[in-house]
Amino acid sequence: MKDRVVTTIKLYNYLIVPVQIELDDSTVEAMQRQILSEIEEKAIEGVIIDVSLIDILDSYISYSLSETAIMAKMMGCDTVICGMQPHVALTLAQMGVNMRGIIFAQDLEDALSKLVKAREHS
Amino acid sequence: MRDIKMEDYDMLVKINDERDIVVARQMVKDFAKRMGFSLADITKISTAVSELARNIFRYAGSGFIYIRENTGEEKEIEIAAVDKGPGIENVEAAVEAGFTTSKGSLGLGLSGVRRLMDSFFIESEVNRGTVVIVTKRRRTF
């Protein structure tokens, strides 16, 4: 696929997305397109976006992540964000950013167990 | 409109391209780190600059981010975001949370910047441009 901007790992029916690049506006949009098309192609039921390497998340990038989660939900797929750094969480909360549609987890392991739980309840 | 002169500032980032938003926030991050801000404050300052740079790029197309260190009783970082874009008709509304004129936005840009920084000044004239000046004090514990 030519529009791939992030590496992804497929594990069972889950798609793990460790974000290891600096997210600018067009990259985050390309990432959204990539994730949605991989959900369709690989019949993904849950997406885990690992943001532990991200040290700046502004309102637009968090909006795009939240939008991606809502779109994924419409395709029958849950989205978990894991590994948010404490000062990033502090900054987003202070700005009043509310990321709808997203499940938050501490790390990959926690993300996987939350996804399994979310699938059981739906 | 307030006149911002380059010689009064330590650093300048030109915003011309979407990628300049990333350049601006990284440069401010390094600047704040050198000034000895805490990690939490560095993140707040860089996030604020990311919002200001995006506003310049989205609404004015191009502009400048000026950065300087103010020394006094307490050290502070001052950032000025300047553009000669269309200006803002209703400045009071624009700094309220949830106000936006573009889709794909939460309208948390300017209100978020105001919440993250210690002081916030905005001046805008329709068809002449916008100046936003923000500062944050370095807290010593």
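This is a predicted model: local features need pLDDT of at least 70, side-chain atom pairs count only at pLDDT 80 or more; totals for chains, interfaces and linings use all residues.
Me: Why is B:Leu110 called buried?

Reply: A residue counts as buried if 20 or more other C-beta atoms lie within 10 Å of its own. B:Leu110 has 25 other C-beta atoms within 10 Å, and is therefore buried. Its place is in helix H4 of chain B.

Me: Which residues is B:Leu110 in contact with, leaving aside its neighbours within four places in sequence?

Reply: They are B:Ala94 and B:Val95. B:Val95 stands 15 residues apart from B:Leu110 along the chain, yet the C-alpha atoms of the two are separated by 5.2 Å.

Me: What makes the buried residues of H3(A) lie on the same side of that helix?

Reply: The buried residues of this helix, residues 86–95 of chain A, are A:Val88, A:Thr91, A:Leu92 and A:Met95. They cover an arc of only 95° around the axis, so they are on the same side of H3(A). The face turned away from that buried side carries the exposed residues A:Pro86 and A:Ala93.

Me: What covers the buried residues of H3(A)?

Reply: The cover includes helix H2 (59–74) of chain A, together with H2 and H4 of chain B.

Me: How many residues of chain B are in contact with chain A, and which helix gives the most?

Reply: On chain B, 23 residues are in contact with 18 residues of chain A. Helices H1 (19–34), H2 (39–60) and H4 (109–116) of chain B each supply at least two residues of that side. H2(B) gives the most, with nine residues. The residues of this side of chain B comprise eight nonpolar, eight polar and seven charged.

Methods
Residues are numbered from 1 along each chain as its sequence is written. Chains are lettered from A and ligands numbered from 1 in the order in which they are written. Two residues are in contact if their C-beta atoms, placed from the backbone, lie within 7 Å. Helices (H or I, at least four residues) and strands (E, at least two) are DSSP runs, numbered from the N terminus. Ala, Val, Leu, Ile, Met, Phe, Trp, Tyr, Cys and Pro count as nonpolar, Asp, Glu, Lys and Arg as charged, and the others, Gly among them, as polar. A residue is buried if 20 or more other C-beta atoms lie within 10 Å of its own, exposed if 12 or fewer, and partly exposed in between; C-beta atoms are placed from the backbone. The arc is that of the directions from the helix axis to the C-beta atoms.
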